[in-house]
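Welcome! Have the sequence and the 3D view ready, and let us walk through them together, one topic at a time.

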Amino acid sequence: MDQMIVLIEQLKRRDYTSFDTFYQLTKNQVFYAIVSVVKDKNLAEDLMQDTYMKFLENISNFKEGSNVFAYLSRIGRNLAIDTYHQRKKIVQGDELFETIATPEVEEDRDDIFKMLDLLKDDEREIVTLHVINDLKFREISEMIDKPLGTVLWIFNKAIKKLKERAGDYL
Amino acid sequence: MKKKELIQLIKTKSEQVEIRDFSKEIIEKAKHLPKPEVIEKTRFSFRLKPYYLATLGVMLTVIMIVLFTPDTPINPIDPTLENMDQVIAFSTLTSVSLIQTIDTDLQTESDTVTLSHGNPPSPRMIENQITDITKYLDMMEKLFGSNPDFDIVLEDQTNPMYTNRMRFKTKDLLEEEVEYAIDFNQTNIGIHDFVIEGIVVIGEYAYPIYASGSSNDIDTLELEIEQENGNQITIHYEKILEVHDFEIKIYQDDLLIQEVNFTYQEQGEDKQATLDFIYGETVGSYTFQLDVEDQVSLIRITYDIESDESESGEIVIRIRTLLGNTSYVILVMPDGGIPFIINSQRQIRPMHGNHQMIYENLTI
């Protein structure tokens with residue numbers, strides 16, 4: 001975490017010499033926060049750039065001691081949701097991202113996406129944010145604006161569901 | 001597959017995804033970001049523009065009218081407690097179960113807790129939390145075992161000190177019933193708000209209660225219950241969709257010792273509760289579920305403890321009856337750790353006995 005503090009201090013001074021290191025340390029969290037909403041790998045990757053730009057633009061607002069992974073996840077998630085709403089206006093479909101997602105051959109898809117597809121939207125997002133992005137339940141509760149108990153409930157339901165099916169991906 | 005293995009599998013699979021590297025493109029774009037501006041603080045000057053003055057004038061007029069117009073009679077519409085019975089029963093049951101437990105804690109403070117540890121391979125964080133979790137078992141049993149409407153009855157009041165009486169019943173997992181009586185006075189505040197002050201009686205115990213709510217929002221209630229010695233429970237209850245959500249604060253000797261978020265939900269036959277420790281020495285998040293095995297009810301808990309390190313696992317709680325006494329047999333199975341059993345005396349309702357716990361290692 002000390003390394004992260006130094007990196008953020010550099011970025012605050014608009015010194016990008018170590019940005020690559022910062023990117024490598026955080027890209028997974030950003031990617032998964034987005035992809036758990038948009039369910040499309042290519043679109044998620046596109047939104048990653050916007051997420052980092054937004055982070056850098058507003059880096060002066062980042063408070064020392066805050067969880068940068070949670071902060072970036074929140075920006076990525078919000079952008080993903082905005083994109084969802086923008087595209088909804090165009091597509092006007094109920095199952096939006098099933099409609100707009102680039103069709104991929106099932107066998108070519110990474111196992112993690114197949115596993116997460118076993119879950120409902122809210123389950124997938126909470127599992128992603130807790131297990132992959134290492135966010136605490138309380139941070140997730142604030143981020144998705146759901147009571148802590150509900151977050152725990154959904155998480156445990158999702159884990160139960162995955163326990164029964166995840167063996168296929170071993 | 002165990003939970004820990006599953007979580008590891010998700011992490012591993014997530015790392016296998018190749019994510020394109022955009023760092024160079026981002027750096028290129030970031031170079032065009034404006035340099036952070038240094039904003040000089042300007043001296044504050046008080047300049048009211050005409051329209052601000054107009055707005056201020058209207059606001060002052062309204063305030064004057066409100067202050068100096070004589071009170072107009074308002075049709076007295078009593079806030080009704082109809083449909084809030086269950087809310088009150090829920091909140092009372094929760095708070096009473098807990099306040100009786102604080103009492104137990106105080107009485108047994110000097111008692112020696114018997115521990116017969118083996119040599120666990122690694123420290124188990126759950127061990128430090130178990131005592132507090134068992135304090136919530138009384139409440140869980142009653143929520144899981146009772147009829148959904150708690151057999152609520154509104155009765156004529158015979159106690160001259162109070163105007164209203166409400167009775168309700170709970171059942172635990174051994175089908176033992178406990179009856180609660182709430183004697184209270186209701187005071188209406190304005191058109192919709194109300195407060196109730198009274199006592200809740202359970203067997204030989206009685207506790208003063210104070211609650212406030214609004215007939216405009218029948219799914220929310222603030223409730224306080226206290227003991228003479230300064231122990232107090234405050235509850236903010238809210239029903240969010242079908243989830244009963246409680247923010248519970250426990251005060252001992254007027255000091256906040258624990259804050260938890262507790263939820264309870266029923267979906268058909270499925271009953272589930274979550275308990276999350278927010279403030280205090282005990283930590284972790286726990287999901288309770290009622291289960292039946294060989295026609296015997298038991299409680300399953302999954303837990304996650306997050307601090308500097310994290311631990312998760314499962315707990316199975318069975319009730320054992322021996323020579324007329326009942327106790328909890330608590331099987332704790334930390335993910336990746338050695339399972340162990342804790343025997344904890346089950347509280348005898350409505351009185352509570354000693355809170356002695358005996359730990360055993362379990363070889364499976």
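## A buried pair in chain A

A:Arg77 has a relative accessibility of 11%, so this residue counts as buried (buried means under 20% relative accessible area, exposed over 50% and partly exposed in between, with a 1.4 Å probe and protein chains only). Helices (H or I, at least four residues) and strands (E, at least two) are DSSP runs, numbered from the N terminus.

## How to read the model

This is a predicted model, in which local features need pLDDT of at least 70 and side-chain atom pairs count only at pLDDT 80 or more, while totals for chains, interfaces and linings use all residues. Residues are numbered from 1 along each chain as its sequence is written, chains are lettered from A and ligands numbered from 1 in the order in which they are written, and side-chain values use heavy atoms, leaving out hydrogens and water.

## Chain A as a whole

What is the secondary structure of chain A? The chain has nine helices and zero strands, and its elements run α-α-α-α-α-α-α-α-α from the N terminus on. Of its 170 residues, 54% count as buried. Now look at contacts (heavy atoms within 4.5 Å) in chain A between residues at least 6 apart in sequence: 60% of them join residues at least 24 apart.

Helix H2 (residues 19-38) of chain A deserves a look. A kink of about 50° is centred on A:Thr26 (the bend at a residue is the angle between axes fitted to the seven residues ending there and the seven starting there). H2(A) is mostly covered, with 15 of its 20 residues buried. Just after this helix, A:Lys39 takes a positive phi of about 60°.

Over all chains, a search of the whole structure finds 22 salt bridges. One of them joins A:Lys161 and A:Glu123, whose closest N and O atoms are 2.8 Å apart. A:Lys161 belongs to helix H9 (residues 148-165) of chain A and A:Glu123 to helix H7 of chain A, so this pair ties together parts that are 38 residues apart in sequence. Are these two residues buried or partly exposed? A:Lys161 is partly exposed, at 27% relative accessible area, whereas A:Glu123 counts as buried at 1%.

In chain B, B:Glu179 forms a salt bridge with B:Arg167, and their closest N and O atoms are 2.7 Å apart. Strand S3 (residues 177-189) of chain B holds B:Glu179 and strand S2 (residues 164-171) of chain B holds B:Arg167, so the bridge ties together parts 12 residues apart in sequence. B:Glu179 is partly exposed, with a relative accessible area of 38%, and B:Arg167 is partly exposed as well, with 23%. Salt bridges that share partners also join B:Asp291, B:Glu293, B:Arg300 and B:Arg318 into one network.

## Where the chains meet

How many residues of chain B are in contact with chain A? There are 49, and they touch 50 residues of chain A. The area buried between the two chains is about 4,400 Å², with carbon and sulfur atoms giving 63% (buried area is the accessible area, 1.4 Å probe, that two parts lose on being put together, summed over both). In chain B, the residues B:Ile10, B:Ile19 and B:Ile26 lose the most area to chain A, together 15% of what that side buries.

Four salt bridges are counted between chain B and chain A. The side chains of B:Lys11 and A:Asp134 meet in a salt bridge, 3.0 Å from N to O. Among the elements that give two or more residues to the side of chain B that touches chain A are helix H1 (3-15) and helix H2 (23-30) of chain B. H1(B) gives the most to that side, with nine residues.
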